[in-house]
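Visitor: I would like to go through this model and ask what lies behind the words used for it.
Guide: Go ahead.

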Amino acid sequence: MAKVQVLNVAVLDNPSPFGNPFQFEITFECMEDLPEDLEWKIIYVGSAESEEYDQVLDSVLVGPVPAGRHMFVFQADAPNTAQIPESDAVGVTVVLITCTYRGQEFIRIGYYVNNEYTEPELRENPPLKPNYSQLQRNILASNPRVTRFHINWEGLADKMEDSENVDPSPNTGGMLPPSCIPGKMPPLGQMPDNSMDCM
Amino acid sequence: MKLLKPSWVSHNGKPIFSVDIHPDGTKFATGGQGEDSGKVMIWNMAPVLREEDEKNENIPKMLCQMDNHLACVNCVRWSNNGLYLASGGDDKLVMVWKRAALIGPSTVFGSSNKLANVEQWRCVMILRNHTGDVMDVAWSPHDVWLASCSVDNTIVIWNARKFPEMVTCLRGHTGLVKGLTWDPVGKYIASQADDHSLKVWRTVDWQMDANITKPFTECGGTTHVLRLSWSPDGQYLVSAHAMNNSGPTAQIVERDGWKTNMDFVGHRKAVTVVKFNPKIFKKKQKNGSSTKPSCPYCCCAVGSKDRSLSVWLTSLKRPLVVIHDLFDKSIMDISWTLTGLGMLVCSMDGTVAYLDFSLDELGDPLSEEEKNTIHQSIYGKSLAITNTEAQLSTTIIENPEMLKYQQERQNSAQANTAAAGAGPESSAPKVNSVMNGESLEDIRKNLLKKQVETRTADGRRRITPLCIAQLDTGDFSPALFNSAPILPSGSSMSNQLAPQLNSDSSPGQPSSLGLRPNQDGMLTSPPANSTNKGLEDNNDGVKSSLLLTSASKMEPMKALDSRFTERSKATPGVTSAISSTAGLTPLDSRPKDGISALKDAKTKEETSSDSEDKMAAINKNLAFGKRKPELLMDGGEVVEKRKKGRPRKDKMAAPIPQSFTQITSPPEREPSKAVAPPAPAVVLKLPTPSTQKSFSLQVSMEPSVFLDVENEMSVVAGSKLSQLRCSRDGRDWNTLLPSPVIVAAGSSDVLAVACEDRMLSVFSCCGRRLLPAIQLATPVSALHCSAHFVMVLTAGATLFVWDVPKQKALVKNESLLTILSGADTTVSQSLLTQQGIPVIGLSNGKSYCFSSSLETWTLIADKGDSLVQCADFRSCLPSHDAPVSSGPLAVMQGRNLNAGRLASRLSSTPHHLQQSMTLAFLENQLASALTLQSSQEYRYWLLIYARFLVNEGSEYRLRELCKELLGPVHRSAASSWEPTTLGLHKRELLREVLPVIGENLRFQRLFTEYQDQLELLRNK
């Protein structure tokens, strides 16, 4: 079970001019003291077409994290406009908040972001070259899309592999719904065996 | 009989595998599949029972939902006292939930269901031991134990008074165990498995009492669950799926001799669940009819894969009622209300049905006293469980000492619960001090300014989160969450955003903070349906408007959708490593990208979300081919950033063989204190420290002894002299040596120096030469002194140990050849214990000591030993946090022991294997401590070992241990028994071990036996 549960993300300063920093107030709860920091990241998807235009706006370590309920504000600068394809500047895109523990992503919170001109003239006749100073960023805060990933919270890679080798319940006779396939852990986010020495 | 299908009880259409009504009848729990996890939900019973409550929007229907299980939840069960809820799931875990009464409503963040949790149920315990899906859980009468069964073929009995302690693990099934039921008088537990058997286990000694196979030989393992049930009078056990004449039945097993003569017949497909009504009934007395007392009878509900439900009275030959087509899919679970008149049934089709019976239909339920009377008349006083009794088990305690330990245990348990009960109150002031009386709203306003942000050594931002509630005993402080549930902006934004996306005007919207207070008011009231509907409508509005404004962007939207569920490319780890190698060797990159795409696909499968997402994910995989070059660039860029940030991560995350060959680092060595950085290993040639002009070291703390060496300080008659100066408690002495000193060492008793001319000199603490200079064959590699022993490890890989006062060699020119196998192995650490035992740690993680009595090298620690990694004896550690012993054994094993304990938490090793490994490990520790003559460590491990034996119930070994410690009661010449070991009196050790044994009632005979003998010996 995940040791860290995100209870809420409040989107602050929204809507706001495109150049304003992103501000997310994140509330999370931790089941037990974490020996290592959490790493949070804000990723701005510059273009739906390609991950090439993804920008990691910022990443912060959050810690120490004792058991309990915690909150912090994660502020990150607005994306670098030079790296956004001009055709994608206006319209809908996505901003992602991810959190990793021991290098493994365990939660991904996605928001749709709508970038629009506030001036009616600009709306009608958007300039070929985006005028970022006139763009307003609107994060669809009411509809976060949360994906949780199974990770190994203890940070020992070998056990993860073991869990893969455990035979999932055979012949439950089609009684399991398709979405209920006994969960195998993804072999991602493992650490090499010598990780202890590197720490 | 009334029948109701409350459509609002649903897991969004996902299957519901389990249902259980709370003992107080006010709520019930369901368990099953959630969106991408297992789901446990708690529902209000009132809207099920009364139509007006169902219509009343102020009465909440859903009370709480918990997504903590990572995979499908197969079973939910309330404890008999109603304080706890246990759930078991495909994630191999059993979770125990407790209500945190003092927190206001909250929601599960990001779940599509915006309904607030009215009650807060919090996971207070995770029970890990099963290595496969947990299929059923059951609380014993009086909540003494919690049993769980799993597809790993085992049943685990947990001590419900002392979670997460395991009482035992029942082995014997050879197939998936799919159902459990306790005997109502607590004498047995029965289990049914796919191995065509139903087994009955005794709770006295946890051994199998009966193995019933005949009715099950024809059964195939086609049902998801086999929930069997014991009748409330204890007389009958009714199985799930059994076969009789090729027809599916529910087999009735009589307690008396486990006879299988009767069954419930009639279902067309396998029986998945049987559930006895908790009440015993007697025939309704009609006015005017004869007052002749009728025989009490039981009532049983049977659910089947044929989607129908039958209810039987044991007094009738035919079912009381059969209900067909109640569900679209198999019935999965049944729960009766404690009154015996209501019943909830859940199905794989994701719905729940409620059946309401009348007294006329079922009869008059017996009162609890009458039920107890029946129990007593059948089972006798000693076995009958009355409500006032809260005993640990039905075993009679025969020994007053035993009773004492048992009582002590109960007292401490009660003290614990009392402390837990006092938790919320006591933690409140703590939180207040953190908060300084500020309201949460105030804090939130200034959080950004107030939060502490630092930079780590490598220049990264690090935020210290503000702790807003502490987590003690699973309950949060009441101080904060009564007034203001933290969730305003999430919902309030929808109101605000909707017009903005819809209409094209309204540029100057007030900030979200301005709107918040109003919204808070709405949210703090119970989630009225109108409000929720409004919000949902708004959501829909937003969605549609979003789609409208971006109709031309449908394709990108799909691509965007996939981004929500996909792991970040930018996360350190495998992916970035792949791209980094790709960047290094662009020619070879193609196949690897294929791998990465595969891996991505795998990840997506794991994070099973809705099918839409999956489709998008698949699309995305198809698109992968085209985007390869971009991925490379992207990856390269990320790696660039990463290198600035945390370069070591890059190195770690390089599992590609190619990059490995480039990065291969020299084999790691831990230079010990006395050994200078080792030179490249020549076969059997140990590194020697280089000569320094001068050096000083502290050789002893108490008394404090310092050594100063100054080499070649003066030239007398052409030869250079070196000076050794020693200061002990402020008093100095010095001596001169003809050759430069390479290494020096000392203890509070002796000092030793080795010179360049391979001479070893030994002095007393006052500077008197104790031994003539010893000529060594090869230069000294390491030198140690401890107590009055001197140890030399020469560069020629030989070892000497001398006892200085006795002027005697304990170890004489012993070669390390035996242990230095393999070319790369070198000595990484060496030490000498206070008892003069030399210990050598090698670079391959093994540590040896030379036993002068056995005249051999003995292995005392192996960091690569899988036993160390997997041994799990946490539950056996001393309760008070006694510092882990700090003797030579601990020094050599280092923190690796910790790693082993961590590893064991991920319980993916089968339990029996782990048990054997732990046993072997503990015995290794004992033997090692013995060889090292480290008495404190021996005692420490002995007690852990004893506790482990007690917990695991291995009487044979325990008896051997006691026997060895007690020795012969009557002195005899033939006996070779020594009364002490390592200076510890064995019988004293036994006295320490006995209370541990006394904690397990199973061993009370053993306890008594040795207690008596000890007493006898003491009186002698």
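Visitor: What share of the residues of chain B count as buried?
Guide: Of its 1020 residues, 54% do. To count, a residue needs a relative accessible area under 20%.

Visitor: How many helices and strands does chain B have?
Guide: Chain B has 25 helices and 50 strands. Among its contacts between residues at least 6 apart in sequence, 55% join residues at least 24 apart.

Visitor: Why is Ser87(B) called buried?
Guide: The relative accessible area of Ser87(B) is 0%. The limit for buried is under 20%, so Ser87(B) is buried. Ser87(B) lies in strand 7 (residues 84-89) of chain B.

Visitor: What makes the pair Ser87(B) and Trp97(B) a polar contact?
Guide: Their side chains make this contact at 2.8 Å.

Visitor: Which residues is Ser87(B) in contact with, leaving aside its neighbours within four places in sequence?
Guide: Among them are Val40(B), His69(B), Cys75(B), Leu93(B) and Met95(B). Trp97(B) is also in that list.

Visitor: What span is expected for helix 4 of chain B, and what does the helix reach?
Guide: Helix 4 (residues 368-379) has 12 residues. From its first C-alpha to its last, helix 4 of chain B reaches 16 Å, close to the 16 Å expected at 1.5 Å a residue.

Visitor: Which residues of helix 4 of chain B are buried?
Guide: Lys371(B), Asn372(B), Ile374(B), His375(B) and Tyr379(B) are. They cover an arc of only 155 degrees around the axis, which puts them on the same side of helix 4 of chain B. These buried residues pack against strand 22 (271-282) of chain B. On the other side of the helix, Glu369(B), Thr373(B) and Ser377(B) are exposed.

Visitor: Where in chain A is confidence lowest, and where is it highest?
Guide: Confidence is lowest in helix 3 (residues 195-198) of chain A, at a mean of 34, and highest in strand 4 (residues 38-45) of chain A, at 93. The mean pLDDT of chain A is 77. Over residues 157-199 of chain A, pLDDT stays under 50. Where pLDDT is low, predicted coordinates should not be read in detail.

Note on methods:
Residues are numbered from 1 along each chain as its sequence is written. Chains are lettered from A and ligands numbered from 1 in the order in which they are written. This is a predicted model: local features need pLDDT of at least 70, side-chain atom pairs count only at pLDDT 80 or more; totals for chains, interfaces and linings use all residues. Side-chain values use heavy atoms; hydrogens and water are left out. Helices (H or I, at least four residues) and strands (E, at least two) are DSSP runs, numbered from the N terminus. The expected span of a helix is 1.5 Å times one less than its number of residues. Buried means under 20% relative accessible area, exposed over 50%, partly exposed in between (1.4 Å probe, protein chains only). The arc is that of the directions from the helix axis to the C-beta atoms. Contact means heavy atoms within 4.5 Å. A polar contact is a pair of N or O atoms within 3.5 Å; within protein, one must be able to donate a hydrogen and the other to accept it, and residues adjacent in sequence count only if both atoms are side-chain atoms. pLDDT is the predictor's confidence in each residue, from 0 to 100.
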